[in-house]
Amino acid sequence: MLPGLNTDVSHEGVGYHVQTEDLGEKNPIILTLVYKSGAVVLREQLEYGDIFGGRLSAPQIKTLMEAQHRRVMRHVAVGDIESDAPSGAAPAASPPRSLSAPPASPAPDVVDDLIEEYLRARRKTKAR
């Protein structure tokens with residue numbers, strides 16, 4: 001299990017806390033929670049054990065954590081948190097989403113693009 005990432009982000013004077021952590025080898029999930037006034041307002045979960053079909057190295061997991069953390073922070077910073085959940089994230093009461101097809105290797109620049117592309121396709125499917 002790797003150390004988590006914690007960042008405070010604000011949008012129009014409202015403070016949010018973004019927390020990302022790896023839940024460990026027995027529970028291969030990267031979880032990002034966004035807090036507003038101490039309450040979870042957004043949850044994003046990446047089940048990398050299912051997606052990547054095996055164990056990833058610590059640097060690969062760290063890359064996925066950082067990419068997910070940055071992506072959620074960007075959405076919070078532009079105010080894309082309350083109405084349209086960012087990058088696979090869902091309100092805490094909704095079930096979290098995960099990716100369906102992994103890249104060959106989780107390179108930092110590829111991970112963000114892959115996840116964004118997947119989520120755009122998923123939003124189009126849900127809109128129908």
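1. The side chains of Arg71 and Glu44 meet in a salt bridge, with 2.6 Å from N to O, the term being used for a side-chain nitrogen of Lys or Arg within 4 Å of a carboxyl oxygen of Asp or Glu. A search of the whole structure finds one such salt bridge. Arg71 lies in helix α2 (residues 58–77) and Glu44 in strand β4 (residues 39–46), so the pair ties together parts that are 27 residues apart in sequence. Both Arg71 and Glu44 are buried, where buried stands for under 20% relative accessible area, exposed for over 50%, and partly exposed for what lies in between (1.4 Å probe, protein chains only).

2. The model is a predicted one, in which local features need a pLDDT of at least 70 and side-chain atom pairs count only at pLDDT 80 or more, while totals for chains, interfaces and linings use all residues. Residues are numbered from 1 along each chain as its sequence is written, and side-chain values use heavy atoms, with hydrogens and water left out.

3. As to confidence, pLDDT being the predictor's confidence in each residue from 0 to 100, the protein chain averages 75, and 62% of the residues score at least 70. Over residues 83–108 the pLDDT is below 50, and beyond near neighbours in sequence this stretch has 61 contacts in the model, a contact being heavy atoms within 4.5 Å. Among the elements of the protein chain, β2 has the highest mean pLDDT (96) and helix α3 (residues 108–127) the lowest (61).

4. The protein chain has three helices and four strands, which are DSSP runs numbered from the N terminus (helices H or I, at least four residues; strands E, at least two). From the N terminus on, these elements run β-β-β-β-α-α-α.

5. The four strands form an open sheet in the order β1-β2-β3-β4, with antiparallel pairing, and two strands are taken to pair if DSSP finds at least two bridges between them. β1 and β4 stand at the edges, each with a single partner strand, so one side of each is left without a neighbour in the sheet. The twist averages 20° from one strand to the next, and α2 packs on the sheet, touching β1, β2, β3 and β4, with a direction that makes about 15° with that of β1; the axes behind such angles are lines fitted to C-alpha atoms, for helices over the stretch in contact, and the angles run from 0 to 180 degrees between N-to-C directions.

6. Within this sheet, β1 and β2 pair in the antiparallel sense over seven bridges, and the bridge partner of Thr7 in β2 is Val18. Seven bridges likewise join β3 to β4, which run antiparallel, and Tyr35 stands opposite Val40 in β4.

7. Glu12, in the loop between β1 (5–11) and β2 (14–22), has a positive phi of about 50° although it is not a glycine, and the hairpin of β1 and β2 has two residues between the strands. At 73% relative accessibility, Glu12 counts as exposed. Ser37, in the loop between β3 (30–36) and β4, has a positive phi of about 55° and is not a glycine either; Ser37 is exposed, with a relative accessible area of 76%.

8. For the chain as a whole, buried residues make up 40% of the 128 residues, and residues 24 or more positions apart account for 54% of the contacts with a separation of 6 or more.
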